Amino acid sequence: MIYAVKLPLQTNWTLNFAADDVVLGRHVMLFGRDREAVLRHGLSRREAKSVLKLLPPALRTKCRGLSKTMIQPLPVHIHMDEACVINFYAKTKGEETVFYSGEVRLIDGQAQDNGNAYHLVDPALLTEVQKFVAQDGEVWALSTRQPHAVVSTGGASREVVQAFFDVPIEAVVREFRHVL
């Protein structure tokens, strides 16, 4: 099983989040938080084209969405809308992305979005299987239907450009085979 793969791409983007950006999604993962854990903004046409040009041609038509996203630390969860995400990390602060394996027991009573985009997962039945700390400019493919969390000791947020796919991570990674 593939959980996350560092891709052979490098970026040096600085993301600007403006008050008039189109907000594509706001997700508060736990009751009691005072702000969104995930805040997705739309990209300009120029920004979207520059992201798509970095992808192998076969993946460009499979990309079902793009966003620039601010992500706070997140509890263990799975995504509902996509099978794989490519994260282009623009600004990181030492956060770990941790993947788990085991029985997936949903605990959506703790999620404020009621599973609209994410399902929270009970970590008690899971075993850690992979973790990584992304650096600014790195690009990673993530299997988002596998339980995972974003862990930070300082409550820092990361800024990423995200490309969303309905195909499994193995199919996404296979398109990069000529450069891996």
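D122 is buried, with a relative accessible area of 14%, where buried denotes under 20% relative accessible area, exposed over 50% and partly exposed the range in between (1.4 Å probe, protein chains only). The side chain of D122 meets that of R105 in a salt bridge, at 2.9 Å from N to O; a salt bridge is defined as a side-chain nitrogen of Lys or Arg within 4 Å of a carboxyl oxygen of Asp or Glu. This pair links distant parts of the chain, with R105 in the loop between β7 and β8 (118–120) and D122 in the loop between β8 and β9, 17 residues apart. R105 is partly exposed, at a relative accessible area of 39%. The model is a predicted one, in which local features need pLDDT of at least 70 and side-chain atom pairs count only at pLDDT 80 or more, whereas totals for chains, interfaces and linings use all residues. Residues are numbered from 1 along each chain as its sequence is written, and side-chain values use heavy atoms, with hydrogens and water left out.

In total, the structure holds eight salt bridges. One of them joins K6 and E138, whose side chains meet at 3.2 Å (N to O). K6 lies in strand β1 and E138 in strand β10 (residues 138–143), so the pair ties together parts that are 132 residues apart in sequence; helices (H or I, at least four residues) and strands (E, at least two) are DSSP runs numbered from the N terminus. K6 is partly exposed, with a relative accessible area of 43%, whereas E138 counts as buried at 11% relative accessibility. A further salt bridge is formed by E96 and K131, with the closest N and O atoms 3.7 Å apart. Here E96 belongs to strand β7 and K131 to strand β9 (residues 126–132), and the pair links distant parts of the chain, 35 residues apart. E96 counts as partly exposed at 25% relative accessibility, and K131 counts as partly exposed at 45%. Salt bridges that share partners also join R64, E82 and D166 into one network.

Aromatic contacts were examined next. A pair of aromatic rings is described by the distance of the centres and the angle of the planes. The structure holds three aromatic pairs, for which rings of Phe, Tyr and Trp (its six-membered ring) are paired if their centres lie within 6.5 Å, with planes under 30 degrees apart counted as stacked, over 60 as edge-to-face and the rest as tilted. The rings of Y3 and F99 have centres 6.0 Å apart and planes at 50°, so this pair is tilted. Y3 is placed in the segment before β1 (4–10) and F99 in strand β7 (residues 96–102), and the pair links these distant parts of the chain across 96 residues. Y3 is buried, with a relative accessible area of 11%, and F99 is buried at 0%.

The pair of W13 and F88 is likewise tilted, because the ring centres lie 5.4 Å apart and the planes stand at 40°. W13 is found in the loop between β1 and β2 (23–27) and F88 in strand β6 (residues 84–91), so the pair ties together parts that are 75 residues apart in sequence. W13 is partly exposed, with a relative accessible area of 23%, whereas F88 counts as buried at 0% relative accessibility.

Helix α1 (residues 45–54) gives the most to the positive patch, with three residues. R60 is found in helix α2 (residues 57–60) and counts as partly exposed at 35% relative accessibility.

V173 is placed in helix α3 (residues 169–174) and is buried, with a relative accessible area of 11%. The C-alpha atoms of V173 and L142, 31 residues apart along the chain, are separated by 9.8 Å. V133 is placed in the loop between β9 and β10 and counts as partly exposed at 36% relative accessibility. V133 and V151 are 18 residues apart in sequence, with a C-alpha to C-alpha distance of 9.6 Å in space.
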